[in-house]
Amino acid sequence: MRLWVLLSLLLLQETLPHVIGQSAKSKRPKEPGENKIKPINKKVKPKGPKMKEREPIDSSSKSQSILMQVMDKGRFQKLTATLSLSAGQSVELRCKGSNVTWSYPSYLDTFKDSRLSIKQLDRYGQLILTNSTAADTGEYSCWLQLCNGNKCRKDETKMGSTYIFFADKEELFVPTPSYFEIVYLNPDKPAVIPCRVTTPSAKVTLHREFPAEEIETDGNDIIYDAKRGFVYQHPTFDHKGIVYCKAESQGAPQISIKYHLLYVEVPKGPPSATIVASPGRAKVSDGIHVVCTVLGEPHVDVNFSWQYPGQELEKPVIIQNFWRLINRGTGHTTRISKSVLIIEDFEARDAGNYVCIAQNLQGATTVATRVELN
């Protein structure tokens, strides 16, 4: 019995694979669209995350800062919009480039300050300020000059700027050379009361002397900027008067100098011109100068033309035109335009009326003077 069972099991073991194999071969083929199992030995290339294409950078419109501060042990630090230091500290700034121009508070130029040193080395420009004071607070900037022969222009893509506060607890306001300053209120442009501080965290308020009161700064019509002072965005006649600033920072409050606000409505019209001849009476063979002068706004160009004796006879004369800007207190600049007519060898026929016509976009003004034969 046991032998028969054993033989039956062996026979079943030999038959089973054959039956399973026949069943596998008799299965119908899969229709298109039915699930298929990928062979496990097929290599699949892994897909990385799809990278977004970078837009090309327009190098012409992007400015590159070239300004750095030299730290201790030969380290360098790129400068941000502002930098706070303590009065008494020295500072060294560098700008990369072989032709660097610097700008700094005009106070340092006014007094030809020996604490300031500027050098141009092979690869960079260097500015060193030693024994700093509160009065040195202001904008420090540099840029590369692009030159073609004698003509140079600023490279707008390579420049740097930072505003440095030199904090001094005894001098919360940046010192000024005067104790009283005039600020002109022009309805066409903002007016600045330049009570700048040496500590950017100082609390600053604006006050009227009479009637004694604090002037509210609403952040719209009147705003405060630590780097400029109080700014009247839209000056009016009601803003005129005498004002001062008060600052507080971890101690007793300090008072600024006083500012006299004058309302000046600049007329929109032809230039205001004057004319002077020197001398007014001339001898034969003398030299004479006739000067025509116009005072106006900084952005207004003035053109000059002349009428003079001997003009029809093509008398040789020299005419020189030039202009310059004059600062009349912070925030107000006047442009002086001049035209000078020169006769080096005066003759009898040169005696007579000299007429200057000064013209801007609003119209023309004519002024005249007379030169007599002596």
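First, the ground rules. The model is predicted, so local features need pLDDT of at least 70, side-chain atom pairs count only at pLDDT 80 or more, and totals for chains, interfaces and linings use all residues. Residues are numbered from 1 along each chain as its sequence is written, and side-chain values use heavy atoms, with hydrogens and water left out.

Now the overall picture. The protein chain has two helices and 26 strands. Those are DSSP runs, numbered from the N terminus: H or I of at least four residues for helices, E of at least two for strands. Of the 374 residues, 34% are buried. Buried means under 20% relative accessible area, exposed means over 50%, and partly exposed is in between, with a 1.4 Å probe and protein chains only. Next, contacts, meaning heavy atoms within 4.5 Å. Among those between residues at least 6 apart in sequence, 66% join residues at least 24 apart.

On to the aromatics. How many aromatic pairs does the count come to? Two. The rule takes rings of Phe, Tyr and Trp (its six-membered ring) with centres within 6.5 Å; planes under 30 degrees apart are stacked, over 60 edge-to-face, and the rest tilted. Tyr163 and Phe165 have ring centres 4.9 Å apart and planes at 55 degrees, so this pair is tilted. Both Tyr163 and Phe165 are buried. Tyr224 and Phe230 also form a tilted pair, at 4.6 Å centre to centre and 50 degrees between the planes. Here Tyr224 is partly exposed, at 27% relative accessible area. Phe230 is buried, at 0%.

Two charges sit over Trp rings. The test is NZ of Lys or CZ of Arg within 6 Å of the ring centre and within 35 degrees of the ring normal. Lys154 lies over the face of Trp143, 4.2 Å from the ring centre. Arg335 has its charged end over the ring of Trp323, 3.8 Å from the centre.

Last, a sheet. Five strands form an open, antiparallel sheet in the order E2-E1-E4-E7-E6. Strands pair if DSSP finds at least two bridges between them. Which strands stand at the edges? E2 (76-78) and E6 (116-120): each has a single partner strand, so one side of each is left without a neighbour in the sheet. E1 (residues 67-70) pairs with E2 in the antiparallel sense over three bridges. Val70 has Phe76 in E2 as its bridge partner.
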